[in-house]
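Thanks for asking me to look this one over. Here is the structure, and my notes come after it.

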Amino acid sequence: MEIQDTKSTLQVEPRNEEKIKKIWKTAGILLAITVAEFIMAFTMDRGILLYALFIILTIWKAKYIMMEFMHLGDEVKPLFYSIIVPLIFLVWLLIALAKEGSDIFMMRW
Amino acid sequence: MSAHSTAIGVSSKRGVWGGGNEPLKASYGKLMMWFFLLSDIFTFAAFLISYLAIRVSYPAYAGPAETFVGSNEYWPVPELVFEAVPFLHGFHAPLVFVGIMTFILISSSVTMVLAVEAGHRNDRNDVVKWMLWTMLGGITFLGCQAWEWSHFIHGTDGGSVLTYINSLNQNVTETVFGANLVVNEYGPPAFAQLFFFITGFHGFHVTIGVVLLFLAFYQAAVGVYDKRGHYEMIEKIGLYWHFVDLVWVFVFTLFYLI
């Protein structure tokens, strides 16, 4: 079999338990935020407050995914900022178009 | 600039002109993956923010949940549209199925990051194991989405009575079942159109992701990365897979919660 033939010359290192623990911790946080969003969807009144909270919690989850799972926090600062700074402008776009949408609503109805 | 700099402005210690440098201390592949993902984030952001803008420009259903009926006059309440689960016909379980889908995709992101961690340690067995779990998660998610689409297209037992302009330009009033790009029983036409385009585009990304995961899984299993001397491909595909999860987190909030 070819699989046995390709003996690795790479040294296999032991598991880094601390890193693995951190991964599961991040997963727990993501799950907890999602559960909180679920509870809020059924207990709070619909309105701008709830929607704003949903979007803030989602951006918070996105931060965990990018920093912990994609290891963006471990990259050098210029790379980190070249990814993050353009994304900050999307928050402005979100607020601007949400306002625009509700103004269209006022004009129509 | 510094008085100590040489004529060409480069310190001899870094030897930038010698070649073989990694700008921003990231390999070519990883850097290109990041910039591809950045442009893809803009694409999805344009879709999702348009959804929000169109959604708030319509009146929302404001009555009690029990008396909700679909109408193209107002935007529906998501937890009353997405409330079916496979094998339990007629059972109302608001957002349960989509919650399971979210859980599956986040779990597959966790197994992916475990595969990346195993790749750093050159541990082929662990990489293969976690890649397999990630792939299974991705395939399960796609299966769930196929069911979700099918249910959305075929609609509920009762349907909704709507007045609308059909594809022959006639104004008709009839019972509408399910959804297509012209009319849907849940809400305004834009609701189903945005649902199809945004979740469809995301599902397309997941499909590409599963193909990439399979390639990396296969290459890891037959020892290609051991021969190459590093497991960086796992890292690059991992970045893409986490991005798919990242987008779903926003799709979930905008479509199913707001």
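This is a predicted model: local features need pLDDT of at least 70, side-chain atom pairs count only at pLDDT 80 or more; totals for chains, interfaces and linings use all residues.

1. Residues are numbered from 1 along each chain as its sequence is written, while chains are lettered from A and ligands numbered from 1 in the order in which they are written.

2. The contact draws 48 residues from chain A and 43 residues from chain B; two residues are in contact if their C-beta atoms, placed from the backbone, lie within 7 Å. On the chain B side, α1(B) gives the largest share, nine residues. Helices here are DSSP runs (H or I, at least four residues), numbered from the N terminus, and strands are runs of E, at least two.

3. The UniProt record (an unreviewed entry) annotates residues 48-66 and 78-98 of chain A as "transmembrane region"; such annotations may be inferred rather than shown by experiment. In the model, residues 48-66 of chain A are 100% helix, with end C-alpha atoms 27 Å apart. Residues 78-98 of chain A are also 100% helix, and their end C-alpha atoms lie 31 Å apart.

4. How do α3(A) and α7(B) pack? Their axes, lines fitted to C-alpha atoms over the stretch in contact, are 10 Å apart at an angle of about 170°. That makes the pair roughly antiparallel, a term for angles over 145 degrees between N-to-C directions, on a scale from 0 to 180. Residues in this contact include A:Phe54 and A:Ile65 of α3(A), and B:Leu246 and B:Phe250 of α7(B).

Notes
Angles under 35 degrees count as roughly parallel, over 145 as roughly antiparallel, 65 to 115 as roughly perpendicular and the rest as oblique.
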